[in-house]
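Here is a short report for a first look. Keep the model open while you read.

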Amino acid sequence: MDLEVFNLTKIYGDVVALSNVSFSHKRGSVLAVIGPNGAGKTTLLRIISGQLRPTSGSVRLLGYDVVREFGKVRDLIAFLPQDIRAYFYTLTPRDYIVSYLLMRGYSFNDARRRAREVIGDFELEEVADKHVMNLSGGTIRRMFLAMIFAADDAEVYFLDEAFVGLDPRVRVKAWGIVRRVARSGKLVLLASHYMDDVSTVADRVLVLSRGRIIADGSVMEVLESVLGGVRRKIVIRDSPAQLRETLADLGYHVTVRTVGDMTFIYTNDVGGVASTLSDYGVRFEVNPVGLEDVVIMLGGADEHS
Ligand SMILES: Nc1ncnc2c1ncn2[C@@H]1O[C@H](COP(=O)(O)OP(=O)(O)OP(=O)(O)O)[C@@H](O)[C@H]1O
Ligand SMILES: [Mg+2]
C-alpha cells in the first residue's frame, strides 16, 4: 500500500485530536476526509505529511516512515495548508508559482514553463503578472491551487480546504484537474467542508468525528453506513417547540437534528411524518440526503430520539 496509517493518536494538552486512526490507501485516486469542525482532519493531514508528530502510532507514505524519513517524504509531497495567506504583497501569481518550483529544485526554465502551463490550466492569465495585493481573495486561493499542482514532481498532494472561496466555474475546473492528477497515478488527499466537491471528486471518503474514523468507503457506502438507508430528509425552517417529543409520542422512529432554527428529520417513514406535520400546520420541505447530512448527523451526537 502507498499510504499506511497505523494506530495514530494525537493529543494536544487535554484534547484528543486523533484516536487510534488506522487505514491504508493506494495511489491513483482521491481520498477525502470529512467531518465537523475540530474533528481532526487538519491534524491527520499534517501528520501524514510529516509536518506534525503523532503522540503515538506511525505513518508510512510511499514506503517511507514520515517521521524518521521526513527528508525523503518532503520531496514527494505538495501541501496546500488550510490557513495559507499571500504575505508577499508585491509578488505576482507567476512569481509565487515560479519561486515555489525553484524551491523544489526545478531549473529556472522548467519553473517558468510549468508556471505558464498551470496559469493556463487555472485560467489565471489575466492576473498572472499583477501584484497579489490587488487580487481578490478567491483569485489568490486559485493561485495557490495552481502553485501546488504546478509541482508535477510530487506524488502525493494534500489539499486542506482548498476549494474555499472559488467561484462555481473555477471549482468545476479544479475538480477536473484534481481527478486528472489522481488518474495519472498520484494520490490526492483532501479535507473539505464542501460536500459537492467531495461527492464529485472523491473515490473514497473517510468520515472523522472527534478524532475517530466512523465511516469509510465510497460516497454511497458512507451515506448508507451513517444514515442507515434513509434516502430523504424533512427540513423545517422555523421549527415549533416540542416537535421532537410530538413525533416520538406518535411512535415515529426519527433522528432529529436542530441547527439554529432549522430542523432536519431523518426517517424511513417520510410519508407518515410529513402528513403528521401537515396536520399540525407545519411548513416543511422534503429533500434527498447527501454527504452534508453525514456531518449534520454528527453535529449533535446527543440529539437522538
Ligand atoms: N496546535 C494545537 N494546539 C492545541 N489544540 C489543537 C491544535 N491544533 C488543533 N487542536 C485541536 O485538535 C482538534 C482537531 O483540530 P483540527 O484542526 O485537526 O480539526 P479539523 O477537523 O481540521 O477542523 P476544521 O474543520 O475546523 O478545519 C480540535 O479540537 C482543535 O482545537
Ligand atoms: Mg482543518
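In which hand, left or right, does helix 8 pass helix 11? The crossing is left-handed. This is a predicted model. The axes of helix 8 (residues 219-227) and helix 11 (residues 291-299) come within 9 Å and cross at roughly 30 degrees. Helix 8 brings Val-219, Val-222, Leu-223, Val-226 and Leu-227 to the contact, and helix 11 brings Leu-291, Asp-293, Val-294 and Met-297. By class, that makes 8 nonpolar residues, no polar ones and 1 charged residue.

**The magnesium ion**

Turn to the magnesium ion (ligand 2). Its protein donors are Thr-42 (OG1) and Gln-82 (OE1), at 2.0 to 2.3 Å. Thr-42 sits in helix 1 (residues 41-48), while Gln-82 belongs to the loop between strand 6 (77-80) and helix 3 (93-103), so the pair ties together parts 40 residues apart in sequence. Thr-42 counts as partly exposed, at 26% relative accessibility. Gln-82, at 39%, also counts as partly exposed.

Helix 1 itself is mostly covered, with 6 of its 8 residues buried. These are Lys-41, Thr-43, Leu-44, Leu-45, Ile-47 and Ile-48. Gly-50 follows helix 1 and has a positive phi, near 80 degrees.

How many of the residues of strand 9 (residues 204-209) are buried? The count is 6 of 6, so strand 9 is largely enclosed by the rest of the structure. Both faces are covered: Arg-204, Leu-206 and Leu-208 are buried on one side, and Val-205, Val-207 and Ser-209 on the other.

Strands 9 and 10 form a hairpin with 2 residues between them, and Arg-210 in the turn has a positive phi of about 45 degrees.

Another group of strands makes an open sheet of 4, in the order 2-1-4-5, with antiparallel pairing. Strand 2 (15-25) and strand 5 (64-65) stand at the edges with a single partner each, so one side of each has no neighbour in the sheet.

| Strand pair | Bridges | Direction |
|---|---|---|
| Strand 1 (residues 3-12) and strand 2 | 7 bridges | antiparallel |
| Strand 3 (residues 29-34) and strand 9 | 4 bridges | parallel |
| Strand 9 and strand 10 (residues 212-217) | 5 bridges | antiparallel |

Methods:
Residues numbered from 1 in each chain as written. Chains lettered and ligands numbered in written order. Predicted model: local features only at pLDDT ≥ 70, side-chain atom pairs only at ≥ 80, totals over all residues. Heavy atoms only, no water. Axes fitted to C-alpha atoms, helices over the stretch in contact; angles between N-to-C directions. Left-handed = near helix turned anticlockwise from the far one by under 90°. Contact = heavy atoms within 4.5 Å. Nonpolar A, V, L, I, M, F, W, Y, C, P; charged D, E, K, R; others polar. Donors = N, O, S within 2.8 Å, 3.2 Å for Na, K, Ca; no water. Buried < 20%, exposed > 50% of the residue type's maximum accessible area, 1.4 Å probe, protein only. Pairing = 2+ DSSP bridges.
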